[in-house]
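Please find my notes on the model below.

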Amino acid sequence: MHDLLIRNALLLDGLGAEPLRGDLAVRDGRIIALGSLLEDRDAREVIEADGLALMPGIIDSHTHYDAQLTWDPGASPSPALGVTTAVIGNCGFTIAPCRAGDRERVMRNLTQVEGMSLEALRAGIRWDFESVPEYLDRLEERGTTPNVAAFVGHSSLRSYVMGDAAVERTATAAEVAEMRRLLLEGLAAGAVGFATSTSPAHNGEGGKPMPSRLADEAELRALVGSLKDAGRGLFMLTKGGQTRIDFLESLAAESTRPVIVAALLHNSTNPDAVFADLDAIAASNARGHRMVGAVSCCPLSFDFTLHSPYPIEGLDAWKPALGLKGTAFRARLADPAFRQAIRDELARPAVFRLFNGEWHKVQVVECARPEHRAYEHRSLATLAAETGKDPLDFWFDLALAEDLDTVFVALTLNSDQDAVGRMLRHPASMVSLSDAGAHLTFFNDAGFGLHLLGHWVRERGTLTLSEAAHQLCGLPASVFGLRERGALRPGYAADLLLFDPATVNRGPKRRLHDLPAGAARLVTPAIGVHGVWVNGARVADARGPLEPEPRPGRLLREFAT
Ligand SMILES: [Zn+2]
């Protein structure tokens, strides 16, 4: 007797094979048979797929659900968008290990670096752990809707071992040894690897660099080397322009562990950089080193106000404004010298920069005052030209006239469609970087998989359905060593996504105020999704998310090497 029989579906195996018409049977949370099972009427539930596509559930390898999962085991909105496994702890911005006295600092840093509401974090996080093993145990006890794999985060290790000095200096040999001990403890408890960031875009409270950015090469070598000692785990890093692929290749070679290089986004002002990185990663693969480039299939767009203008906060010229509040902050925004320094910096070439002075890519979304409504949905380039002002002056003047409440949207990186299409087809690429759980008021790419299937497969024909399913399932499962997941095969976990290839997509973004303390977030609804199952339990249907109890997700602690 089967628990579930899905009949007459277009089966995408997740490994890149040609789609086949057939049926799929599930028992005890696992796929037990595939093919022509039409004779078998003996199932508890039969779903007539009528030619809809059935693929393994999406594996989202770049999320920041570490905090959210403590108050929302459902990992909203990912499962309803087809995601059945989420990897947390990316960039090394985890919440464990953390002593009670350091919680406020960790939350303040997350607020700055990942755009999370401080009020939501304060009201939401359940601090019932200190160490990484305790954090993992609490997650497992509470249960989660998707499966979860967790990185040990470098910035948390550093803060735990070095205290305030974590954001001020390199570590001593004794401090590195203690970080190694904690990393090995986390890996032994089931963490999937070690995550860090060297990106200059990653700043914590008061504009100070996140702790991992203070690490020297010796510290990184020692910590990545612990993966070799542990005989397990992979290394992920979000790199700044100064971090070279050949250095990362040396870490892959010494540790013999896989390396994920993020965040490879296309930058129109330095259009070849991302391809140089991807080519260097492909060359390292040819030398036998396991490396992969994490790319995004979504244009990076930010909804923001000048209260917290994430797209420009990484600029050096912005530093004098960081940490300022109220009148002092407004005075700085009005200061002609401050504005000129920003203009000067934007005019200089940069290896990596989120915003590059492309004024036609910044729009006014919503004005606070009725007399400014005519500006809405128009670009700063257009408005500046019409009013005869410099674009930056127009931008800051408008915001100052509205108590900084004007909402803007900036299309920053990854907006050149032809270039992104080439990245998606590059042999060293893995589609990733949803950043789900972070930046919630700025954007929400948790539906990246549906965007890949709708936009890049159906609308643009850049990938076939089979190739997209491989990018979203089989490839990340093999990179992360997720056992018996990421493919439609007998014996594999029944993590499934049933969708209509003719309509699948993510819908337009909407703003909700449903986070703890009423904090806001952007969400996009699923389009064309008919069902999502995690370990055989249905977590979404055509109307949206379901909340099965007990939560069907597993905390993944064992990985193939
Ligand atoms: Zn990240």
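This is a predicted model: local features need pLDDT of at least 70, side-chain atom pairs count only at pLDDT 80 or more; totals for chains, interfaces and linings use all residues.

1. Residues are numbered from 1 along each chain as its sequence is written, and side-chain values use heavy atoms, without hydrogens and water.

2. The zinc ion has His 62 (NE2), His 64 (NE2) and Cys 91 (SG) as protein donors, 2.1 to 2.4 Å away. Donors are N, O and S atoms within 2.8 Å of the metal (3.2 Å for Na, K and Ca); water is not among the atoms, so sites may look incomplete. Along the chain the donor spacing is H-x1-H-x26-C.

3. His 64 sits in the loop between β6 (58-60) and α1 (68-71) and Cys 91 in the loop between β7 (83-88) and α2 (103-113), so the pair ties together parts 27 residues apart in sequence. Helices (H or I, at least four residues) and strands (E, at least two) are DSSP runs, numbered from the N terminus. Both His 64 and Cys 91 are buried (under 20% relative accessible area, 1.4 Å probe, protein chains only).

4. The largest pocket has a volume of about 1000 Å³, the space filled by probe spheres set on grid points joined across faces, edges and corners. A pocket is an open set of points on a 1 Å grid over the protein atoms alone, where a 1.4 Å probe fits, with protein on both sides within 12 Å along at least five of seven lines; lining residues have an atom within 4 Å of a point. Of its 34 lining residues, Thr 111, Gln 112, His 307, Ser 308 and Glu 313 lie nearest the centre.

5. The second largest pocket holds about 660 Å³. Its lining has 40 residues, with Lys 239, Ala 263, Leu 264, Leu 265 and Phe 352 nearest the centre.

Notes
Buried means under 20% relative accessible area, exposed over 50%, partly exposed in between (1.4 Å probe, protein chains only).
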